Amino acid sequence: MIDFRYHLVSIVAVFLALTVGLVLGTTMLQDPLLNTLQSETADLRGQSEDLRSERDVADKVNAGADEMAEAVSSDMLDGRLTGLGVVVVTAPGANPEVADGLAARVEEAGGEVVGRVAVTDALVDAGNATFVDELSIQVSQDPDGLTGGPYDKAGTELGRALASAGGAGAGDGDAEGAGRATEDPREAEESPGGGGSHDAEAVLDAFSEGGLVQVEGDPAVSADALVVLAPAAGSSDGADREAVNAVLTTVTTALHREVGAAVLAGDVPSSRGDGMLAQARAAEPEFATADVTGRPMGDIIAVLALAENLEGGAGAYGIGEGVRGFLPDPLPAAREAGDAASGAAEEAATGGRGGADESRRTVREGE
């Protein structure tokens, strides 16, 4: 018969076994376990020191590369954008300091930053798609001829308003292009489709008043080329970022189609995953891309890529996925001061953009 003494003996035996196990575990296993942990900790500490040293070396190399880029930038960029009007377009979340750096490099290459257009969050908001579509149709000279979705239409109308009188949009021989080359190129002739007369500045004003863009300077009918700055890393997250970047890529494609030359510039993270440069490169665009923007050497590469795009090249440069190289090779040729003025009629007939800067000067003198 099992009595209380039996249960008491059983409980004492259990606790005695636990005590013996703890003693054996802390004495027999303590040293091997501690040795293993100490060894792993030492290995991790060594790896951390190695990585820290490698990071320090990389920082010094990058700093040296930036110093060298500053030293040779004048020679590398000299004359690459001579006489061209450039509009800097910034996406929501783009770093304004990077935009300033790119603008400075454009000027160093002989170009002129005639204005800036900042795309706002309202334009890329999916909830405003209907408004964007209706506004684009409303300001268009040929609303029946507009194709694509709301953002393709918006990019098309913005591009037409920005494109210089001698740019890609004016070389097509359509009513709109002819309107830009008239006595007052800022006022387009009435289109055959009955869209009515629209002023390029009025188009930009309409998008500005609608809260879709912010305009600085006087970019209407002045852009021979575009620098489009992608959102900085971490400016948006998840599915929203993917959708926003898809919209921005669509707008950039339409802008390039109308203006004629463009480079999409961004940081290295934007060239990965669902970043804007990664999405744009996946579509094999006809505009150039550069993914190391924000450092002196990266800004120089972006301008060189733009100069190459003026010659018809559409390279992807930097260190991200799908790049052709770190920078264009060979470098694009420098433009002579008289290049744009000579042969304007012939180049316009063949879709060239050589007369863009002269036409832009004519527009300004006629204001």
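Predicted model: local features only at pLDDT ≥ 70, side-chain atom pairs only at ≥ 80, totals over all residues.
The chain contains 13 helices and seven strands. Of its 367 residues, 45% count as buried. The accessible surface of the chain amounts to about 18100 Å², and carbon and sulfur atoms contribute 54% of that area. Among contacts with a separation of 6 or more, 73% are between residues 24 or more positions apart.

Two packed helices are described by the angle between their axes and the distance between the axes. Helix α5 (residues 129–139) and helix α8 (residues 200–209) have axes that come within 10 Å and cross at roughly 160 degrees. Because angles over 145 degrees count as roughly antiparallel, α5 is assigned as roughly antiparallel to α8. The crossing of these two helices, α5 and α8, is right-handed. On the α5 side the contact involves Leu135, Ser136 and Val139, which meet Val203, Ala206 and Phe207 of α8. The residues of this contact comprise five nonpolar and one polar, with no charged residue.

Helix α8 also packs against helix α6 (residues 150–162), with axes that come within 8 Å and cross at roughly 140 degrees. This angle makes α6 oblique to α8. The crossing of α6 and α8 is left-handed, whereas that of α5 and α8 is right-handed. From α6, the contact is made by Ala154, Glu157, Leu158, Ala161 and Leu162, and from α8 by Ala200, Val203, Leu204 and Phe207. Eight of the residues in the contact of α6 with α8 are nonpolar and one is charged, while none is polar.

Helix α3 contributes Gly101, Leu102, Arg105 and Val106 to the contact, and helix α11 contributes Pro296, Asp299, Ile300, Ala302 and Val303. The contact of α3 with α11 is made up of six nonpolar residues, one polar residue and two charged residues.

Two residues located in these helices were considered individually. Ala307 lies in α11 and is buried, with a relative accessible area of 3%. Apart from neighbours within four places in sequence, Ala307 is in contact with Arg80, Leu81 and Pro332. Ala307 and Leu77 are separated by 230 residues in sequence, yet their C-alpha atoms are 9.2 Å apart in space. Asp133, in turn, belongs to helix α5. Asp133 has a relative accessibility of 17% and counts as buried, because the cut-off for burial is under 20%. When neighbours within four places in sequence are left aside, Asp133 is in contact with Gly149, Pro150 and Lys153. Pro150 and Lys153 fall within the residue range of α6.

Val221 is not a glycine but has a positive phi of about 50 degrees. Val221 is placed in the loop between β3 (213–217) and β4 (225–229), where its relative accessible area of 0% makes it buried. Glu284, likewise not a glycine, also has a positive phi of about 50 degrees. Glu284 is situated in the loop between α10 (276–282) and β6 (288–290). In contrast to the buried Val221, Glu284 is exposed, with a relative accessible area of 69%. A cis peptide bond, with omega of about 5 degrees, joins Asp329 and Pro330. Pro330 is located in the loop between β7 (316–317) and α12 (344–349).

Notes: Residues numbered from 1 in each chain as written. Heavy atoms only, no water. Helix = DSSP H or I, 4+ residues; strand = E, 2+ residues; numbered from the N terminus. Buried < 20%, exposed > 50% of the residue type's maximum accessible area, 1.4 Å probe, protein only. Contact = heavy atoms within 4.5 Å. Nonpolar A, V, L, I, M, F, W, Y, C, P; charged D, E, K, R; others polar. Areas by Shrake-Rupley, 256 points an atom, 1.4 Å probe, with all protein chains shown as cover. Axes fitted to C-alpha atoms, helices over the stretch in contact; angles between N-to-C directions. Parallel < 35°, antiparallel > 145°, perpendicular 65-115°, else oblique. Left-handed = near helix turned anticlockwise from the far one by under 90°.
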